[in-house]
Amino acid sequence: MDRTEAPSPYQLAQRQGQEALRRTLLDAASRLLVTEGPQALTMRRVAGAVGCSTTVLYTAFGSKDGLADALFREGFERLRRRLEAVASGDGPLARLRALAHAYRDSALESRSYYGVMFQQAIPGYRPSAASLAAAGASLEILTDAVRACMDAGALRAGDPRAVAEVLWAAVHGVVSLELAGHFPDPEAGADRFRSLASAAILPFLTDPRRP
């Protein structure tokens with residue numbers, strides 16, 4: 001019987017191109033970070049997880065710090081794509097609320113990346129200036145949504161960036177608690193999120209009675 005060895009994750013990703021290979025390497029690194037902690041995040045362990053040589057990782061990321069920076073940027077890139085996908089058909093205020101829920105969904109689906117982005121999951125890692133600039137792009141989506149609400153008269157006139165930062169801080173806080181296990185019941189986590197998101201936007205509404 002022909003027992004052809006199954007292709008490794010590295011070999012499968014290779015066939016799909018460089019971007020697929022990069023995502024495969026980053027996903028393997030993020031899984032190690034979550035399941036075994038930061039001590040497992042070594043070039044050798046990541047290479048072993050996908051079935052490639054460490055040379056592949058050094059070529060792709062340059063160093064362990066480069067790998068950490070790539071994880072940080074990938075997390076924000078995934079968040080940005082999720083936020084950009086939120087439709088605007090029901091009006092600016094509805095879209096703003098939907099963006100908050102998209103933020104939570106992104107965090108729950110990409111927990112390991114969220115840890116690198118916000119929770120210092122890699123001790124000693126500090127994002128590069130370029131990575132911090134890339135991270136800011138996701139907040140700009142929220143700022144633009146707040147500005148659209150102000151232009152439409154749904155939110156009181158003011159500094160869109162400042163309001164966006166308040167709303168971001170609020171949803172980020174409740175999501176962080178959920179990821180930390182403080183709301184183990186998913187329904188309870190969703191309920192706490194909805195309550196907090198509604199309360200956070202209330203002071204900025206032109207009509208507080210608006211649902």
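Predicted model: local features only at pLDDT ≥ 70, side-chain atom pairs only at ≥ 80, totals over all residues.
Let me begin with helix H7, residues 111-118, which is mostly covered: 6 of its 8 residues are buried. The buried residues are Ser112, Tyr113, Tyr114, Gly115, Val116 and Met117. Just after H7, glutamine 120 takes a positive phi of about 50°.

The protein has 10 helices and 0 strands, and the pattern along the sequence reads α-α-α-α-α-α-α-α-α-α. The C-alpha trace spans about 70 × 40 × 35 Å along its principal axes. Of the 211 residues, 43% count as buried. If we take contacts between residues at least 6 apart in sequence, 67% of them join residues at least 24 apart.

How many cavities of 30 Å³ or more does the structure hold? The structure holds 1. The largest cavity has a volume of about 60 Å³. Its lining consists of Gly75, Leu79, Tyr103, Ser106, Ala107, Ser110, Tyr114, Met117 and Phe118. Here we meet H7 again, for H5, H6 and H7 each supply at least two residues of this lining. Tyr114 and Met117, which belong to the cavity lining, are among the buried residues of H7.

The largest pocket has a volume of about 300 Å³. The elements that give two or more residues to its lining are helix H5 (64-84), helix H6 (92-109), helix H8 (129-151), helix H9 (160-179) and helix H10 (186-201). Which of the helices gives the most to that lining? The answer is H6, with 6 residues. In total the pocket is lined by 21 residues, and those that lie nearest its centre are Leu96, Arg97, Leu99, Ala100 and Val171. The lining of the largest pocket divides into 16 nonpolar, 3 polar and 2 charged residues.

Arg97 leads us to a residue in another part of the sequence, serine 198. Serine 198 is found in helix H10. Although serine 198 and arginine 97 are 101 residues apart along the chain, their C-alpha atoms are separated by 8.4 Å. A polar atom of the serine 198 side chain lies 3.0 Å from the backbone oxygen of arginine 194. Is serine 198 buried, exposed or partly exposed? Serine 198 counts as partly exposed because its relative accessible area is 40%, and that class lies between under 20% for buried and over 50% for exposed.

Finally, the cysteines. Cysteine 52 has a relative accessibility of 14% and therefore counts as buried, since the cut-off for buried is under 20%. Cysteine 149, at 0% relative accessibility, counts as buried too. How many disulfides does the model contain? The count comes to 0 disulfides, where a disulfide requires a pair of cysteine sulfur atoms within 2.5 Å.

Key
Residues numbered from 1 in each chain as written. Heavy atoms only, no water. Buried < 20%, exposed > 50% of the residue type's maximum accessible area, 1.4 Å probe, protein only. 1 Å grid on protein atoms, 1.4 Å probe; cavity = no way out; pocket = protein on both sides within 12 Å on 5 of 7 lines; lining within 4 Å. Points joined across faces, edges and corners; volume = space filled by probe spheres on them. Helix = DSSP H or I, 4+ residues; strand = E, 2+ residues; numbered from the N terminus. Nonpolar A, V, L, I, M, F, W, Y, C, P; charged D, E, K, R; others polar. Polar contact = N/O pair within 3.5 Å; in protein donor to acceptor, adjacent residues only side chain to side chain. Contact = heavy atoms within 4.5 Å.
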